[in-house]
Amino acid sequence: DVVDRYRVKDTWKNKWVTGYLTSVEKNFGCDSLVRISKNNIFGNNERYGYLDVRTGAIAIEPQFQYAGEFSEGLAPIRNLGNVGFIDTTGKLVVSVKGTIRNLSSAKMSNGCAIVDIGGNNTYGILAHNGEWLLEPIYHRIEKSYDDCYIIQNEWCEYGVWSQEKGWLFELEYDYIEEGTT
């Protein structure tokens, strides 16, 4: 049973630039680093790393238990008790206490990310520098226009929060829906 079946080839030099990999992410996202994975020699214990699509070379060796997509120079990871965001060198630069439940949705956008740290009512907005813009206590957070977010608390009250201006509408509405213009 072959589990590592992907390789990357430099077609200009007609040369393989990686060994066999378990997977190569098809979505390149916003940055030039794309997620790859590799199993150990026994075909299990998958680890994630990153390939630089500009050069075809492995930028960060597969070493993480799980890794998300790079965006704005950072990617969410989970590895041996470390949870947070790495930079393009693989260094953990933002540490998060708890577990990021859905790493694939924790992407940086406009300098921050919506992060679900697991369990109920635990969504927050984390800044690029590791500070919480909104503590992870909300039931749901949805990105809206520009720097605005629709926030829902555990009592199903809705509000709108802006990175630039703070609370535009306090958590007191029965429902808020993103409109069209």
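Predicted model: local features only at pLDDT ≥ 70, side-chain atom pairs only at ≥ 80, totals over all residues.
**Exercise 1. Which side chain does the side chain of Thr 122 join in a polar contact of 3.1 Å?**

Residues are numbered from 1 along each chain as its sequence is written, and side-chain values use heavy atoms, with hydrogens and water left out.

Step 1. Look for its polar partner: the side chain of Asp 116. A polar contact is a pair of N or O atoms within 3.5 Å; within protein, one must be able to donate a hydrogen and the other to accept it, and residues adjacent in sequence count only if both atoms are side-chain atoms.

Step 2. Check the surroundings. Leaving out residues up to four places away in sequence, Thr 122 touches Val 115, Asp 116, Ile 117, Pro 136, Ile 137 and Tyr 138, where contact means heavy atoms within 4.5 Å.

**Exercise 2. Why does Thr 122 count as buried?**

Step 1. Recall the classes: buried is under 20% relative accessible area, exposed is over 50%, and partly exposed lies in between (1.4 Å probe, protein chains only).

Step 2. Thr 122 counts as buried because its relative accessibility is 12%.

**Exercise 3. Which backbone nitrogen does the side chain of Asn 79 reach?**

Step 1. Go to strand β8 (residues 75-79), where Asn 79 sits.

Step 2. Its side chain reaches the backbone nitrogen of Gln 65, at 3.1 Å.

Step 3. With a relative accessible area of 12%, Asn 79 is buried.

**Exercise 4. Which residues touch the most other members of the largest nonpolar core?**

Step 1. Set the rule: a nonpolar core is a set of buried Ala, Val, Leu, Ile, Met, Phe, Trp, Tyr and Cys residues joined through side-chain atoms within 4.5 Å.

Step 2. In this core of 13 residues, the answer is Phe 85, Val 96, Ile 100, Val 115 and Leu 126. Two or more residues come from each of β9 (82-86) and β11.

Step 3. Apart from this core lies another, of 10 residues, including Leu 33, Tyr 48, Ile 60 and Phe 70.

Notes. Helix = DSSP H or I, 4+ residues; strand = E, 2+ residues; numbered from the N terminus.
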